[in-house]
Amino acid sequence: MWTWFYRLASPPHVYRTAAALAPWFLALAAAMIGYGLIDGLVFAPPDYQQGDAFRIIYVHAPSAWLSLFAYTTMAVAGAIALIWRIKVGFAVAAAAAPIGASFTLAALVTGSLWGRPMWGTYWAWDPRLTSELILLFLYFGVISLRKAFEDPARGDRAAALLGVVGVINVPIVHFSVTWWNSLHQGATLAKFGKPTMPGSMLWPLLAMLLGYMCFFGGVLCMRLRGEVLDRERQAVWVREALAP
Amino acid sequence: MNVGAWRAMRLILQRELCLSFRRPDQLLQPLVFFLIVTTLFPLALSPQLSLLRDMAPGVLWVAALLSSLLSLEALFKVDADDGTLEQLALSAQPLYVIVIAKTMAHWLVSGVALVVMSPLVATALAIPVHAFATMMASLALGTLTLSWLGSIGAGLTVGLRRGGVLLSLIVLPLAMPMLIFGASATDRAIGGESPAGALYFLAALCVFTSSLAPLAASAALRITLE
């Protein structure tokens, strides 16, 4: 019953499974994002307050969500690898980190582009923005710690540990930043509250969210193959798999 | 020889304190750094006292954070370089006992010294005297939290040749909650409000890191030492 689980620890099996899964994820992502973009950018009605500017939510919200999802994936994979000594977990964590950092950056950039017309400024020290920025710093720390070690196995384990420590810290950072702003009530420009959305606006958003998750899955599979190949480059199965 | 964990902790603490007091110049450097950084702000911004009073908690906290970070790099490095750390790790004591003793020694030397010196800097920054007690309490809790967080970072970067910058990159994001509550406690005390809420949060963070950080730091040391 558990054989499928044990096989996940075998690099050649992961390499083949990732290769088989990647096209499915990417095709699903293309369909979902395609539908979401067309429906969201063209057919959804403009917001009565924000006009067409609200449409950036279709790129922004999924990026922000995925930035946290990728971090969790990275930390969980790292924890599994540390606890059960499953080396593939390190490969998953290493593959997820740059993708998550890119999503975080995308969320910050799209958010500030939206902030310019709506809040009148590219950057405000709003709790959400600040905690997202700290998340980006956490990603940078994990990525550069992994690369700082000459021995890659050691770098993997150190980065995995930092990822786990960071995941404990993510809720703390989030809540402290929220309370920080409520303690010092400054000139808050606007609140990014959850508008009760009509279905015509909501469906494309959900489609984009699922599409982004599939995209993450697809890119993760592709990067994972690269990581596995790099880590196993001395192994016989790699030579056989790559032999012409 | 069979030594109990408490005794081992006390011995290591004694050794660390003894070593740092034999090198008074290294003890003073972070404190002088603290003074210099706080001096930079009035020079760079404005020597106007009313403006300084508004920024003082932030300036004080950022300076304390940076100067404490400066001495964190050496937390395990000196002992790792001459092999002492490996001998300690091979001893019968659990590694976290050693981490606790070394981190406490670091806090006693750097954190407590900062707390003792802070009224001097606070006077220069025009913080009113009635806020001193809160400021010192918050700094004491905050520097202890930072020492715990820093022990994780120092454990992760101990084997690296240029670990200093990476250490700040790792520790500073983790230290941000502490900075927020510490500065706001001081700020509220200056304004005459009750700082209890922020101080409680600082204390909670301190307890949280004191209980979990030694475990994380010893796991980190096991990774980098092996």
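This is a predicted model: local features need pLDDT of at least 70, side-chain atom pairs count only at pLDDT 80 or more; totals for chains, interfaces and linings use all residues.
Residues are numbered from 1 along each chain as its sequence is written, and chains are lettered from A in the order in which they are written. Local features need pLDDT of at least 70 and side-chain atom pairs count only at pLDDT 80 or more, while totals for chains, interfaces and linings use all residues.

**Chain A.** The C-alpha atoms fill a box of roughly 60 × 40 × 35 Å along the principal axes. Of its 244 residues, 41% are buried (20 or more other C-beta atoms within 10 Å of a residue's own, with C-beta atoms placed from the backbone).

**The side facing chain B.** Now display both chains. Here 23 residues of chain A are in contact with 18 residues of chain B; contact means C-beta atoms, placed from the backbone, within 7 Å. On chain A, select α5 (127-148) and α6 (152-183), each of which supplies at least two residues of that side. The most come from α6(A), with 13 residues.

**B:G111.** Move to chain B and select helix α6 (residues 95-124), where B:G111 lies. Why does B:G111 count as buried? Because it has 23 C-beta neighbours inside 10 Å. Not counting residues up to four places away in sequence, B:G111 touches B:S68, B:A140, B:T143, B:L144 and B:S147. Finally, select B:G142: its C-alpha is 8.6 Å from that of B:G111, and the two are 31 residues apart in sequence.

Notes. Two residues are in contact if their C-beta atoms, placed from the backbone, lie within 7 Å. Helices (H or I, at least four residues) and strands (E, at least two) are DSSP runs, numbered from the N terminus. A residue is buried if 20 or more other C-beta atoms lie within 10 Å of its own, exposed if 12 or fewer, and partly exposed in between; C-beta atoms are placed from the backbone.
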